[in-house]
Amino acid sequence: MRTPAKGLDRLWIAAFLAPFLVLFLGFTLWPLAATVYYSFFDWSGMGPIETFVGAGNYTSIVQDELFWLAVGNTVLFAVVNTAIKLPLSLVAAIFMTRRWVRLKRVFRTMFFAPLVIPVAMAGMVFTYLLNPSNGALNSILRDLGIIEKSFDVFASRWSAMLALVLVSIWQIFGQYMLYWMAALQNVPEEVYEAADLDGASEWTKLTRITLPLIKPVAVIILLLALVNAMHVFGLVVTLTGGGPGTSTYVVSYFIYQEAFGSIPFQYGYASAAALLFSFLAFILVSGQGLIVKRAQELRKEYGV
Amino acid sequence: MTARRWTVTLVMLVVGAVWAYPFLWTISAAFKTQQGMFTGGASLMPDLWSFENFERAWVNAGFSRFFANTVLYTVSSTLIELVKSALCGYVIARYRFPGRDFLHKMIIATLFVPVASIIVPQFVLIEQLGLLNTRAGVILAMSGAAGALYVLLFIGFFSSVPDELFEAAKMDGAGFLRTFSLILPLAKPVIAVVVIFQFIANWNEFNIPLVFTLGQPELQNLAVGMLSFQGEHVTDWTGFAAGMTISFAPMLIIFLFFQKYFVRGLAGATKG
């Protein structure tokens, strides 16, 4: 039940709201509005904003091949990254919440450790580990006789993208394992014990007990995973630098390069790119949300 | 049962070893000499145990300053984020006031706004406030950017506190502030989650410090400082590894001490 605000309480309510409201206005709402505004101008960040170009920025963005390459890379990165990390971290989390699994503290620490490395630094470590001349990956593969000649992961677009996806999973895995573990804590152990008595297989337990029980949280985890993956930035800066050439550009890197990368800064252009991408991302994410919802309705209809 | 237990343990150990390898490699590289690093390949054993790299990173390369900046940014931003989201969440959950529903909806709507896409106006705002290239500017931008998720966590939690508690507080004649100070300690699990997540996120923050400290090494945090260090000392990988080790060691120790609260806190916050 919510108490109506009255008397002196009103002052307190205003005081409690103020810190959040001020920052929310300044760093979220106003920037959103300003991004829309800037996107209609040709503005380098210096001097007054006066060169109105209408939809000019948008028409150039739509024709900018680099932008579409960045969009494609970002979506590809987000989808592949999510498709690998969510199921794997769920499996890991399931094991980590079972009583009979040993050494849980050790595993938890191992999986969690990469989280305390800033993602940009992780990128730098891996540029060394993956380098062709004396990096660990090439020297291990050579020692094992799997390859004869060293190869450069960062020489082609696809292997560089794969490296981005895998390093990102390496870094963030523990966080998603933790999300799943928290979700799984709401599933009572007794349910599994009862299923064990009935001789249920692990697969049956997963699909019939675990997934249905954690579904509401799972949808949120899925959305978080997709959206966070679409913001990938630091890793691209340090691991591939958008290369080879510009072939691993992602949208946040594109925006950064346009806005702050080289003089003259192109704030207007970068803002238009940011908005267009936010719009595309919104459609992608909400479309995915709709599919999940529709699937749930269908399941209800058929009673499965 | 035992066969399964051993298989799972073995598989997890192998995967865990792969997971830990880049970590261990970095730590061992911090003790290697340049020569040992270059010829060492995948080896985790330093050729000579040398502490010289740490000294070089800490003193010459300015990691002591990056470290101090990171601690300052992380602690202040986490505190500001905690306070603003707890206060706002409490009021939205327990009181009716004009614009309440609208505000709640706006917070949900902006949950997924990417920071990277609105960083230009944030930059302009900090510049207008005269805070560009100051520590206050970085802190403000870092603590202003995130928060919608945490407010929602607090709203969820405070809404689930039984009304009887509030009635009882009222009966005892507790005013607005007194009631809040009675209820707040109940929110420990949510507070733990906000602090832990935001502490990690702020410690690792890269985008905001990068943009807001362009060309100002004395203001940079570890993540950004590391990048400029690499730019200036392209070949000093052992110094870089030492800098890395310095930057993640404290977080790792904190995690080892508090890891059980991570899961417990998160589980507590998502319930209800």
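**Fold and chain contacts in a predicted two-chain model**

A:Y58 is found in helix α2 (residues 56–63) of chain A, where helices (H or I, at least four residues) and strands (E, at least two) are DSSP runs, numbered from the N terminus. This is a predicted model, in which local features need pLDDT of at least 70 and side-chain atom pairs count only at pLDDT 80 or more, while totals for chains, interfaces and linings use all residues. Residues are numbered from 1 along each chain as its sequence is written, and chains are lettered from A and ligands numbered from 1 in the order in which they are written. With 17 C-beta neighbours inside 10 Å, A:Y58 counts as partly exposed; a residue is buried if 20 or more other C-beta atoms lie within 10 Å of its own, exposed if 12 or fewer, and partly exposed in between, with C-beta atoms placed from the backbone. When residues up to four places away in sequence are not counted, A:Y58 touches A:A272 and A:L276, contact being defined by C-beta atoms, placed from the backbone, that lie within 7 Å. A:Y58 and A:S133, which are 75 residues apart in sequence, are separated by 44 Å in space, C-alpha to C-alpha.

Of the 304 residues in chain A, 39% are buried, and among its contacts with a separation of 6 or more, 70% are between residues 24 or more positions apart. The mean pLDDT of chain A, where pLDDT is the predictor's confidence in each residue, from 0 to 100, is 84, and 96% of the residues reach 70 or more. Among the elements of the chain, helix α3 (residues 65–96) of chain A has the highest mean pLDDT (92), whereas helix α12 (residues 267–302) of chain A has the lowest (77). Where pLDDT is low, the predicted coordinates should not be read in detail.

An unreviewed UniProt entry annotates several transmembrane regions in chain A, among them residues 12–38 and 75–97; UniProt positions are given in the numbering used here, feature names are shortened, and annotations may be inferred rather than shown by experiment. Over residues 12–38 of chain A the model is 100% helix and 0% strand, with the end C-alpha atoms 37 Å apart, and over residues 75–97 of chain A it is 96% helix and 0% strand, with the end C-alpha atoms 32 Å apart. The unreviewed entry also places the feature "domain: ABC transmembrane type-1" at residues 71–288 of chain A, a span that is 73% helix and 0% strand and whose end C-alpha atoms lie 17 Å apart.

Between the two chains, 76 residues of chain A are in contact with 71 residues of chain B. On the side of chain A that touches chain B, the largest share, 17 residues, comes from helix α1 (residues 8–38) of chain A. The residues of this side divide into 57 nonpolar, 15 polar and four charged, where Ala, Val, Leu, Ile, Met, Phe, Trp, Tyr, Cys and Pro count as nonpolar, Asp, Glu, Lys and Arg as charged, and the others, Gly among them, as polar. The chains are also linked through strand β1 (residues 3–4) of chain A and strand β1 (residues 95–96) of chain B, which pair in the parallel sense over two bridges, pairing being assigned if DSSP finds at least two bridges between two strands. In this pairing, the bridge partner of A:P4 is B:R96.

Burial is described next for individual helices. Eight of the 11 residues of helix α11 (residues 251–261) of chain A are buried, so this helix is largely enclosed by the rest of the structure; among the buried residues are A:F254, A:I255 and A:E258.
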